[in-house]
Amino acid sequence: MTLTEAQTHAAVTHARFAARRDLPMTSCPYVGRQDDTSRALTQVWVRAYLVIRPPAPDAVVYTDDGA
């Protein structure tokens, strides 16, 4: 499975648009689809989104107890 340049460009453009307008990460249009292309586009989208809006340092919990 290979993504086309147009697919990648569209995913990155939409992700940047969403991040700059403070839309939630859940606005990714590819989430929930089970085909290989959608999973790959989700990764592209999330990567581009996080460049603009990285998570806060305390947003990720790495322990089971939440500490």
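Tutor: Let us begin with tyrosine 30, which is placed in the loop between H1 and H2, where helices (H or I, at least four residues) and strands (E, at least two) are DSSP runs, numbered from the N terminus. Please keep in mind that this is a predicted model, in which local features need pLDDT of at least 70 and side-chain atom pairs count only at pLDDT 80 or more, while totals for chains, interfaces and linings use all residues. Residues are numbered from 1 along each chain as its sequence is written, and side-chain values use heavy atoms, with hydrogens and water left out.

Student: Is tyrosine 30 buried or exposed?

Tutor: Buried means under 20% relative accessible area, exposed means over 50%, and partly exposed lies in between (1.4 Å probe, protein chains only). Tyrosine 30 has 13% relative accessibility and therefore counts as buried.

Student: Which residues does tyrosine 30 touch, not counting residues up to four places away in sequence?

Tutor: Contact means heavy atoms within 4.5 Å. By that rule tyrosine 30 touches Ala10, Ala11, Ser38, Leu41, Thr42 and Trp45.

Student: What else can be read about threonine 42, starting with where its place is?

Tutor: Threonine 42 sits in helix H2, and it counts as buried because its relative accessibility is 18%. A polar contact is a pair of N or O atoms within 3.5 Å; within protein, one must be able to donate a hydrogen and the other to accept it, and residues adjacent in sequence count only if both atoms are side-chain atoms. Here a polar atom of the threonine 42 side chain lies 3.4 Å from the backbone oxygen of tyrosine 30.

Student: Which side chain does a polar contact join to that of serine 38?

Tutor: The side chain of serine 38 is joined to that of aspartate 35 by a polar contact of 2.9 Å. Serine 38 is found in helix H2 and is buried, with a relative accessible area of 5%. Leaving aside neighbours within four places in sequence, serine 38 is in contact with Tyr30 and Arg33.

Student: How should I read the way the helices meet?

Tutor: Two packed helices are described by the angle between their axes and the distance between the axes. Axes are lines fitted to C-alpha atoms, for helices over the stretch in contact, and angles run from 0 to 180 degrees between N-to-C directions. In this model the axes of H1 (residues 5-20) and H2 (residues 36-52) come within 8 Å and cross at roughly 40 degrees. Among the residues that make the contact are Ala11 and Ala15 of H1, together with Leu41 and Trp45 of H2.

Student: How many helices and strands does the protein chain have?

Tutor: The protein chain has 2 helices and 0 strands, and 22% of its 67 residues count as buried.
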